[in-house]
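Good morning, and thank you for coming.

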Amino acid sequence: MKRTEKKMIAVLSAAVLLIVCITGCAGAGATPATPSAASDAVPLVTVVMASDFQNDGTFFMFRALLDQAAASGVPTPDCALFGGDYSIKTEQDPDDNIRKITDELTGAYPEFLAQNAIFVQGNHDNLTSALAPTGAHDMGAFIVYSINEDDFPSGQTPEQVEKTLQDLDSFLSDLVKQKDSRPVIVAGHLPLHDSQRADNACGGELAELLNSYGHRLDIVYLFGHSHSGSYDDSIGGSVNYVAKGESLYVPVPAKSDSSRIEGSRKITLAFSYLNYGYVGYSNNTESAISTNVLTLGVLQVYPESIEITRYTAEGKYCTYSIALQNTQTAQNAA
(Lines give C-alpha, C1' and ligand atoms only; values in the text may rest on other atoms or scores of the structure.)
Protein backbone atom coordinates (compact mmCIF):
# COMPACT_ATOMS: atom_id res chain seq x y z
CA MET A 1 0.00 0.00 0.00
CA LYS A 2 1.33 3.45 -0.91
CA ARG A 3 2.16 5.96 1.81
CA THR A 4 -0.50 8.39 0.53
CA GLU A 5 -3.15 5.65 0.72
CA LYS A 6 -2.15 4.78 4.28
CA LYS A 7 -2.34 8.44 5.23
CA MET A 8 -5.81 8.77 3.72
CA ILE A 9 -7.06 5.68 5.66
CA ALA A 10 -5.64 7.10 8.89
CA VAL A 11 -7.38 10.44 8.29
CA LEU A 12 -10.70 8.75 7.56
CA SER A 13 -10.39 6.53 10.68
CA ALA A 14 -9.65 9.57 12.82
CA ALA A 15 -12.68 11.34 11.37
CA VAL A 16 -14.92 8.38 12.23
CA LEU A 17 -13.57 8.30 15.79
CA LEU A 18 -14.17 12.04 16.14
CA ILE A 19 -17.78 11.66 15.00
CA VAL A 20 -18.30 8.79 17.48
CA CYS A 21 -16.86 10.86 20.34
CA ILE A 22 -18.99 13.88 19.48
CA THR A 23 -22.27 12.00 19.12
CA GLY A 24 -21.80 9.72 22.11
CA CYS A 25 -19.76 6.93 23.63
CA ALA A 26 -19.04 4.04 21.31
CA GLY A 27 -21.19 1.02 22.07
CA ALA A 28 -22.14 -2.28 20.51
CA GLY A 29 -23.33 -0.52 17.40
CA ALA A 30 -21.58 2.80 17.96
CA THR A 31 -25.00 4.40 18.36
CA PRO A 32 -25.24 7.98 19.66
CA ALA A 33 -26.02 8.43 23.33
CA THR A 34 -29.62 9.26 24.16
CA PRO A 35 -29.98 12.92 25.21
CA SER A 36 -30.47 13.25 28.94
CA ALA A 37 -34.09 13.64 30.01
CA ALA A 38 -32.98 14.68 33.48
CA SER A 39 -30.66 17.57 32.68
CA ASP A 40 -32.68 20.03 34.78
CA ALA A 41 -33.58 17.59 37.55
CA VAL A 42 -31.78 16.82 40.80
CA PRO A 43 -30.42 13.26 40.98
CA LEU A 44 -31.67 11.00 43.74
CA VAL A 45 -28.15 9.63 44.05
CA THR A 46 -24.73 10.17 42.46
CA VAL A 47 -22.16 7.37 42.09
CA VAL A 48 -18.56 7.58 40.86
CA MET A 49 -17.00 4.40 39.48
CA ALA A 50 -13.60 3.21 38.23
CA SER A 51 -11.52 0.04 38.01
CA ASP A 52 -8.08 -1.42 37.35
CA PHE A 53 -5.61 0.78 39.21
CA GLN A 54 -2.59 -0.98 37.71
CA ASN A 55 -0.10 1.79 37.04
CA ASP A 56 2.18 3.85 39.28
CA GLY A 57 0.62 7.05 37.93
CA THR A 58 -2.93 5.84 38.39
CA PHE A 59 -3.69 7.83 41.52
CA PHE A 60 -2.72 11.11 39.83
CA MET A 61 -4.92 10.17 36.87
CA PHE A 62 -7.79 9.23 39.19
CA ARG A 63 -7.57 12.62 40.88
CA ALA A 64 -7.46 14.41 37.52
CA LEU A 65 -10.63 12.58 36.46
CA LEU A 66 -12.35 13.42 39.74
CA ASP A 67 -11.36 17.08 39.41
CA GLN A 68 -12.88 17.20 35.93
CA ALA A 69 -16.11 15.69 37.22
CA ALA A 70 -16.24 18.20 40.08
CA ALA A 71 -15.49 21.10 37.73
CA SER A 72 -18.34 19.94 35.51
CA GLY A 73 -20.77 20.23 38.40
CA VAL A 74 -20.96 16.62 39.61
CA PRO A 75 -22.00 16.88 43.27
CA THR A 76 -20.43 15.02 46.17
CA PRO A 77 -21.00 11.33 45.42
CA ASP A 78 -23.37 9.38 47.63
CA CYS A 79 -21.50 6.20 46.74
CA ALA A 80 -18.34 5.07 44.95
CA LEU A 81 -17.91 1.73 43.16
CA PHE A 82 -14.52 0.26 42.33
CA GLY A 83 -14.22 -2.83 40.14
CA GLY A 84 -11.02 -4.45 41.39
CA ASP A 85 -7.29 -4.69 40.62
CA TYR A 86 -5.83 -2.03 42.89
CA SER A 87 -2.21 -3.19 42.52
CA ILE A 88 0.19 -3.85 39.67
CA LYS A 89 1.22 -7.34 40.77
CA THR A 90 -1.15 -10.28 41.10
CA GLU A 91 -2.45 -11.39 44.50
CA GLN A 92 -1.42 -8.38 46.54
CA ASP A 93 -3.05 -7.04 49.69
CA PRO A 94 -4.97 -4.04 48.34
CA ASP A 95 -5.36 -2.11 51.60
CA ASP A 96 -2.62 0.51 51.08
CA ASN A 97 -3.80 1.37 47.58
CA ILE A 98 -7.41 1.44 48.69
CA ARG A 99 -6.39 4.08 51.25
CA LYS A 100 -4.74 6.07 48.46
CA ILE A 101 -7.86 5.85 46.31
CA THR A 102 -10.03 6.96 49.23
CA ASP A 103 -7.64 9.85 49.98
CA GLU A 104 -7.89 11.10 46.39
CA LEU A 105 -11.67 10.77 46.48
CA THR A 106 -12.03 12.72 49.71
CA GLY A 107 -9.45 15.22 48.46
CA ALA A 108 -11.64 16.04 45.47
CA TYR A 109 -14.86 15.73 47.50
CA PRO A 110 -14.14 16.54 51.19
CA GLU A 111 -17.74 15.75 52.19
CA PHE A 112 -17.69 12.23 50.76
CA LEU A 113 -18.27 9.54 53.38
CA ALA A 114 -15.55 6.91 53.02
CA GLN A 115 -17.84 4.16 54.34
CA ASN A 116 -19.96 4.57 51.20
CA ALA A 117 -17.16 3.29 48.95
CA ILE A 118 -17.56 -0.28 47.76
CA PHE A 119 -14.36 -2.02 46.63
CA VAL A 120 -14.85 -5.22 44.63
CA GLN A 121 -12.07 -7.83 44.62
CA GLY A 122 -10.19 -8.31 41.35
CA ASN A 123 -7.82 -11.08 40.29
CA HIS A 124 -4.87 -8.94 41.46
CA ASP A 125 -6.29 -8.60 44.98
CA ASN A 126 -6.11 -10.79 48.03
CA LEU A 127 -9.42 -10.74 49.87
CA THR A 128 -8.99 -8.49 52.93
CA SER A 129 -11.41 -6.64 55.17
CA ALA A 130 -10.99 -3.52 53.01
CA LEU A 131 -12.94 -5.26 50.25
CA ALA A 132 -16.73 -5.53 50.30
CA PRO A 133 -18.16 -9.03 50.72
CA THR A 134 -20.00 -10.54 47.78
CA GLY A 135 -23.68 -9.76 48.16
CA ALA A 136 -26.24 -6.97 48.44
CA HIS A 137 -25.55 -3.46 49.69
CA ASP A 138 -28.63 -1.28 50.28
CA MET A 139 -27.81 2.25 49.11
CA GLY A 140 -31.26 3.77 49.58
CA ALA A 141 -32.47 4.76 46.11
CA PHE A 142 -30.71 1.76 44.56
CA ILE A 143 -29.05 -1.54 45.41
CA VAL A 144 -25.51 -2.69 44.69
CA TYR A 145 -24.84 -6.42 44.41
CA SER A 146 -21.08 -6.94 44.39
CA ILE A 147 -19.36 -10.10 43.09
CA ASN A 148 -15.77 -10.72 44.17
CA GLU A 149 -13.07 -12.52 42.19
CA ASP A 150 -13.05 -15.43 44.66
CA ASP A 151 -16.75 -16.03 43.95
CA PHE A 152 -16.57 -15.61 40.17
CA PRO A 153 -12.89 -16.32 39.47
CA SER A 154 -10.81 -15.98 36.34
CA GLY A 155 -10.64 -19.33 34.58
CA GLN A 156 -13.79 -20.48 36.37
CA THR A 157 -15.67 -23.74 36.06
CA PRO A 158 -19.45 -24.13 36.49
CA GLU A 159 -18.82 -25.84 39.85
CA GLN A 160 -16.85 -22.83 41.14
CA VAL A 161 -19.60 -20.32 40.37
CA GLU A 162 -22.67 -22.43 41.12
CA LYS A 163 -23.22 -21.01 44.62
CA THR A 164 -22.60 -17.44 43.43
CA LEU A 165 -25.26 -17.76 40.76
CA GLN A 166 -27.70 -19.46 43.15
CA ASP A 167 -27.26 -16.70 45.75
CA LEU A 168 -27.79 -13.95 43.18
CA ASP A 169 -30.83 -15.76 41.76
CA SER A 170 -32.32 -16.04 45.24
CA PHE A 171 -31.70 -12.36 45.97
CA LEU A 172 -33.25 -11.12 42.72
CA SER A 173 -36.19 -13.47 43.21
CA ASP A 174 -36.79 -12.01 46.68
CA LEU A 175 -36.76 -8.47 45.26
CA VAL A 176 -39.47 -9.42 42.78
CA LYS A 177 -41.56 -11.13 45.49
CA GLN A 178 -41.20 -8.08 47.75
CA LYS A 179 -42.07 -5.77 44.82
CA ASP A 180 -38.85 -3.89 45.50
CA SER A 181 -38.18 -2.45 42.06
CA ARG A 182 -35.27 -0.14 42.85
CA PRO A 183 -32.44 -0.21 40.26
CA VAL A 184 -29.90 -2.98 40.88
CA ILE A 185 -26.25 -2.43 39.99
CA VAL A 186 -24.41 -5.74 39.76
CA ALA A 187 -20.77 -4.82 40.31
CA GLY A 188 -18.37 -7.54 39.19
CA HIS A 189 -14.77 -7.71 38.06
CA LEU A 190 -14.92 -10.03 35.06
CA PRO A 191 -16.81 -9.12 31.89
CA LEU A 192 -19.57 -11.37 30.58
CA HIS A 193 -18.82 -11.05 26.87
CA ASP A 194 -16.60 -13.40 24.89
CA SER A 195 -13.02 -12.18 24.53
CA GLN A 196 -9.58 -13.45 23.62
CA ARG A 197 -8.74 -13.63 27.33
CA ALA A 198 -11.01 -16.68 27.56
CA ASP A 199 -11.15 -16.65 31.36
CA ASN A 200 -14.90 -16.16 31.88
CA ALA A 201 -16.37 -19.38 30.54
CA CYS A 202 -19.51 -18.94 32.68
CA GLY A 203 -20.12 -15.35 31.63
CA GLY A 204 -23.04 -16.49 29.52
CA GLU A 205 -24.66 -18.19 32.50
CA LEU A 206 -24.49 -15.01 34.56
CA ALA A 207 -25.80 -12.97 31.63
CA GLU A 208 -28.75 -15.35 31.20
CA LEU A 209 -29.52 -15.14 34.91
CA LEU A 210 -29.65 -11.34 34.74
CA ASN A 211 -31.73 -11.59 31.57
CA SER A 212 -34.32 -13.69 33.39
CA TYR A 213 -35.01 -10.75 35.74
CA GLY A 214 -34.37 -7.88 33.35
CA HIS A 215 -38.01 -7.49 32.34
CA ARG A 216 -39.05 -7.02 35.98
CA LEU A 217 -36.04 -5.22 37.45
CA ASP A 218 -33.83 -2.40 36.18
CA ILE A 219 -30.38 -4.02 36.16
CA VAL A 220 -26.98 -2.56 35.24
CA TYR A 221 -23.92 -4.85 35.07
CA LEU A 222 -20.49 -3.22 35.61
CA PHE A 223 -17.19 -4.92 34.80
CA GLY A 224 -13.44 -4.25 34.67
CA HIS A 225 -10.49 -6.56 33.97
CA SER A 226 -10.38 -6.42 30.17
CA HIS A 227 -8.49 -3.14 29.70
CA SER A 228 -9.95 -3.13 26.22
CA GLY A 229 -7.87 -4.82 23.58
CA SER A 230 -8.89 -5.68 20.04
CA TYR A 231 -11.38 -8.18 21.48
CA ASP A 232 -13.36 -5.27 22.99
CA ASP A 233 -13.45 -3.15 19.84
CA SER A 234 -16.91 -4.47 18.97
CA ILE A 235 -18.37 -3.03 22.18
CA GLY A 236 -16.44 0.24 22.14
CA GLY A 237 -12.91 -0.47 23.32
CA SER A 238 -12.00 1.18 26.62
CA VAL A 239 -15.31 3.08 26.68
CA ASN A 240 -18.14 0.66 26.16
CA TYR A 241 -21.86 0.35 26.65
CA VAL A 242 -24.32 -2.26 25.40
CA ALA A 243 -27.89 -1.16 25.95
CA LYS A 244 -30.84 -3.26 26.98
CA GLY A 245 -32.28 -4.75 23.82
CA GLU A 246 -28.93 -4.89 22.03
CA SER A 247 -26.90 -8.03 21.34
CA LEU A 248 -23.83 -9.39 23.09
CA TYR A 249 -21.66 -12.39 22.26
CA VAL A 250 -21.09 -14.52 25.38
CA PRO A 251 -18.71 -17.48 25.85
CA VAL A 252 -19.53 -21.12 25.16
CA PRO A 253 -17.55 -23.44 27.48
CA ALA A 254 -15.59 -26.24 25.83
CA LYS A 255 -17.10 -29.69 26.34
CA SER A 256 -13.70 -31.22 27.05
CA ASP A 257 -12.76 -28.60 29.67
CA SER A 258 -15.51 -26.40 31.11
CA SER A 259 -12.97 -23.75 32.21
CA ARG A 260 -12.03 -23.14 28.56
CA ILE A 261 -14.03 -21.48 25.80
CA GLU A 262 -14.71 -23.08 22.44
CA GLY A 263 -16.77 -20.34 20.84
CA SER A 264 -19.46 -17.75 21.45
CA ARG A 265 -23.18 -17.32 21.10
CA LYS A 266 -25.32 -14.26 20.60
CA ILE A 267 -27.88 -13.14 23.16
CA THR A 268 -30.15 -10.13 23.43
CA LEU A 269 -29.67 -8.27 26.71
CA ALA A 270 -32.50 -7.46 29.09
CA PHE A 271 -30.12 -5.33 31.18
CA SER A 272 -27.54 -2.58 30.59
CA TYR A 273 -23.87 -3.55 30.30
CA LEU A 274 -20.73 -1.40 30.58
CA ASN A 275 -17.33 -1.04 32.22
CA TYR A 276 -16.69 1.15 35.25
CA GLY A 277 -13.99 3.18 33.49
CA TYR A 278 -10.35 2.10 33.26
CA VAL A 279 -8.00 4.48 35.09
CA GLY A 280 -4.75 2.48 34.94
CA TYR A 281 -4.24 1.71 31.27
CA SER A 282 -5.99 0.66 28.10
CA ASN A 283 -4.43 -1.28 25.26
CA ASN A 284 -7.00 -1.58 22.51
CA THR A 285 -6.27 -1.14 18.82
CA GLU A 286 -8.33 2.00 18.26
CA SER A 287 -10.36 0.65 15.41
CA ALA A 288 -12.89 2.88 13.71
CA ILE A 289 -15.58 1.96 16.26
CA SER A 290 -13.49 1.88 19.43
CA THR A 291 -11.77 4.21 21.87
CA ASN A 292 -8.56 4.03 23.84
CA VAL A 293 -8.99 6.59 26.62
CA LEU A 294 -8.96 6.43 30.40
CA THR A 295 -12.22 7.49 32.01
CA LEU A 296 -14.10 7.94 35.25
CA GLY A 297 -17.73 6.87 35.20
CA VAL A 298 -20.44 8.86 36.96
CA LEU A 299 -23.83 7.18 37.42
CA GLN A 300 -26.81 9.23 38.59
CA VAL A 301 -30.22 7.82 39.45
CA TYR A 302 -33.27 9.97 38.68
CA PRO A 303 -36.95 9.13 39.22
CA GLU A 304 -37.36 7.98 35.62
CA SER A 305 -33.86 7.30 34.34
CA ILE A 306 -30.24 6.46 35.06
CA GLU A 307 -27.73 8.86 33.50
CA ILE A 308 -24.15 7.66 32.97
CA THR A 309 -21.46 10.18 32.08
CA ARG A 310 -17.81 9.54 31.21
CA TYR A 311 -15.03 11.98 32.13
CA THR A 312 -11.51 12.04 30.75
CA ALA A 313 -8.60 14.15 32.00
CA GLU A 314 -9.74 16.76 29.47
CA GLY A 315 -13.34 16.91 30.67
CA LYS A 316 -16.77 15.50 29.92
CA TYR A 317 -16.65 12.80 27.23
CA CYS A 318 -20.18 11.49 26.67
CA THR A 319 -23.46 10.51 28.34
CA TYR A 320 -25.86 7.55 28.20
CA SER A 321 -29.48 7.64 29.36
CA ILE A 322 -31.24 4.49 30.57
CA ALA A 323 -35.01 4.78 30.89
CA LEU A 324 -36.29 3.04 34.01
CA GLN A 325 -39.21 0.67 33.59
CA ASN A 326 -39.91 0.86 37.34
CA THR A 327 -40.23 4.53 38.30
CA GLN A 328 -42.52 4.45 41.33
CA THR A 329 -39.96 3.01 43.79
CA ALA A 330 -37.31 5.52 42.78
CA GLN A 331 -39.80 8.33 43.32
CA ASN A 332 -40.72 6.98 46.73
CA ALA A 333 -37.04 6.72 47.68
CA ALA A 334 -36.62 10.43 47.01
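Let me begin with the terms. Two strands pair if DSSP finds at least two bridges between them. Strands themselves are DSSP runs of E with at least two residues, numbered from the N terminus. With that in hand, take Gln300, whose bridge partner in β13 is Glu307. The strands concerned are β12 (residues 296-301) and β13 (residues 305-312), which pair in the antiparallel sense over six bridges.

A word on the source: this is a predicted model, in which local features need pLDDT of at least 70, side-chain atom pairs count only at pLDDT 80 or more, and totals for chains, interfaces and linings use all residues. Residues are numbered from 1 along each chain as its sequence is written, and side-chain values use heavy atoms, with hydrogens and water left out.

Strands β12 and β13 belong to an open sheet of six strands with mixed pairing, in the order β3-β2-β1-β12-β13-β14. At its edges stand β3 (117-119) and β14 (315-323); each has a single partner strand, so one side of each lacks a neighbour in the sheet. On average, neighbouring strands here are turned by 20° against each other, direction ignored (axes are lines fitted to C-alpha atoms, and angles run from 0 to 180 degrees between N-to-C directions).

I turn now to strand β7. Strand β6 (residues 184-187) pairs with β7 in the parallel sense over four bridges, and Ala187 has Leu222 as its bridge partner in β7.

A cavity is a set of points, on a 1 Å grid over the protein atoms alone, where a 1.4 Å probe fits but cannot get out; lining residues have an atom within 4 Å of a point. The largest cavity has a volume of about 40 Å³, a volume being the space filled by probe spheres set on the points. How many cavities of 30 Å³ or more does a search of the whole structure find? The search finds one.

Finally, the cysteines. Cys79 counts as buried, at 1% relative accessibility, and Cys202 is buried at 0%. With a disulfide taken as a pair of cysteine sulfur atoms within 2.5 Å, the count comes to zero disulfides.

Terms used:
1 Å grid on protein atoms, 1.4 Å probe; cavity = no way out; pocket = protein on both sides within 12 Å on 5 of 7 lines; lining within 4 Å. Buried < 20%, exposed > 50% of the residue type's maximum accessible area, 1.4 Å probe, protein only.
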